[in-house]
Amino acid sequence: MLTMLRDLNGHKGHANAALLTEVGRHPAAASDPEMLRLLHHVLLANRFWLLTVLGEPFDVEQESLAAPTFEALVARYAGTQSREDTWLANATAGDLDRTLASPLVPGGGCTVAQAFLQVSLHSHGHRAQAASRLRHVGGTPPATDFILWLATRPRPTWPSGRE
């Protein structure tokens with residue numbers, strides 16, 4: 001399970017970075033309120049799960065503030081991904097079985113493994129929505145299929161060279 005979660009998280013980082021790169025190449029997309037709302041929502045959920053796994057406080061009010069610029073949004077994505085990658089690189093199978101309890105988790109709790117799977121699936125679904133929105137404003141979404149990523153396992157290449 002740990003290997004699969006590392007793969008899913010690695011793919012998520014690459015796919016998010018690829019999508020953000022394409023959004024950033026199209027000013028209409030990078031300034032589109034619907035696109036920005038969607039991208040912020042994905043990041044907000046991702047950060048909730050990461051901070052919960054790390055045992056750090058999740059300040060809903062602070063985290064809900066939109067990034068002041070597209071570049072700041074990208075930087076928050078990159079930083080969040082980096083922290084996830086670091087945690088997963090050092091995690092053990094036993095770490096995945098730990099229960100996360102929070103009133104913000106439907107049902108009150110889940111395991112760390114389930115949380116990482118939720119992040120992956122949630123991000124995937126909203127990337128599809130963002131890809132559709134990008135097409136709507138004249139852009140071309142990148143190919144981000146998991147099976148394509150597996151062939152070479154590229155690391156995320158964030159817009160402006162962030163990694």
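**Figure 1. The largest pocket and its lining in the predicted model.** The largest pocket is lined by 15 residues, and those nearest its centre are H11, H124, R127, T144 and D145. Helix 1 and helix 7 are the elements that give two or more residues to this lining, and helix 7 provides the largest share, with 7 residues. The pocket has a volume of about 260 Å³. Its lining comprises 9 nonpolar, 4 polar and 2 charged residues, where Ala, Val, Leu, Ile, Met, Phe, Trp, Tyr, Cys and Pro count as nonpolar, Asp, Glu, Lys and Arg as charged, and the others, Gly among them, as polar. Grid points are joined across faces, edges and corners, and a volume is the space filled by probe spheres set on the points. Helices (H or I, at least four residues) are DSSP runs numbered from the N terminus. This is a predicted model, in which local features need pLDDT of at least 70 and side-chain atom pairs count only at pLDDT 80 or more, whereas totals for chains, interfaces and linings use all residues. Residues are numbered from 1 along each chain as its sequence is written, and side-chain values use heavy atoms, with hydrogens and water left out.

**Figure 2. The second largest pocket.** This pocket has a volume of about 200 Å³, and the residues that line it are R6, N9, G10, Q81, D85, L88, A89, W149, R153, P154, R155 and P156. Helix 1 and helix 5 (70-90) each supply at least two residues of its lining, with the largest share, 4 residues, coming from helix 5. By class, the lining of the second largest pocket holds 5 nonpolar, 3 polar and 4 charged residues.

**Figure 3. The largest cavity.** A search of the whole structure finds 1 cavity of 30 Å³ or more, and about 50 Å³ of space lies in the largest cavity. Its lining is formed by N16, L19, L20, L39, V42, Y77, S123, H126, R127 and A130. Helix 1 (2-24), helix 3 and helix 7 (112-136) each supply at least two of the lining residues, and helix 7 gives the most, with 4 residues. The lining of the largest cavity divides into 6 nonpolar, 3 polar and 1 charged.

Figure 4. R47 is placed in helix 3 (residues 33-54) and is buried, with a relative accessible area of 13%; buried means under 20% relative accessible area, exposed over 50%, and partly exposed in between (1.4 Å probe, protein chains only). Leaving aside its neighbours within four places in sequence, R47 is in contact with F58, E63, R76 and T80, contact meaning heavy atoms within 4.5 Å. With T80 there is also a polar contact, made between the side chains of R47 and T80 (3.0 Å). A polar contact is a pair of N or O atoms within 3.5 Å; within protein, one must be able to donate a hydrogen and the other to accept it, and residues adjacent in sequence count only if both atoms are side-chain atoms.

**Figure 5. Aromatic pairs.** The whole structure contains 4 aromatic pairs. The rings of F48 and F58 have their centres 5.3 Å apart and their planes at 85 degrees, so this pair is edge-to-face. The pair links distant parts of the chain, 10 residues apart, with F48 in helix 3 and F58 in the loop between helix 3 and helix 4 (60-63). F48 counts as buried at 9% relative accessibility. The pair of F146 and W149 is stacked, at 5.9 Å centre to centre and 25 degrees between the planes. F146 and W149 are separated by about one helical turn, because they are 3 residues apart in helix 8 (residues 146-152). F146 is partly exposed, with a relative accessible area of 25%, whereas W149 is buried, with 6%. Ring pairs also link F48, W49 and F58 into a cluster. Rings of Phe, Tyr and Trp (its six-membered ring) pair if their centres lie within 6.5 Å; planes under 30 degrees apart count as stacked, over 60 as edge-to-face and the rest as tilted.

How values were computed: On a 1 Å grid over the protein atoms alone, a cavity is a set of points where a 1.4 Å probe fits but cannot get out, and a pocket is an open set with protein on both sides within 12 Å along at least five of seven lines; lining residues have an atom within 4 Å of a point.
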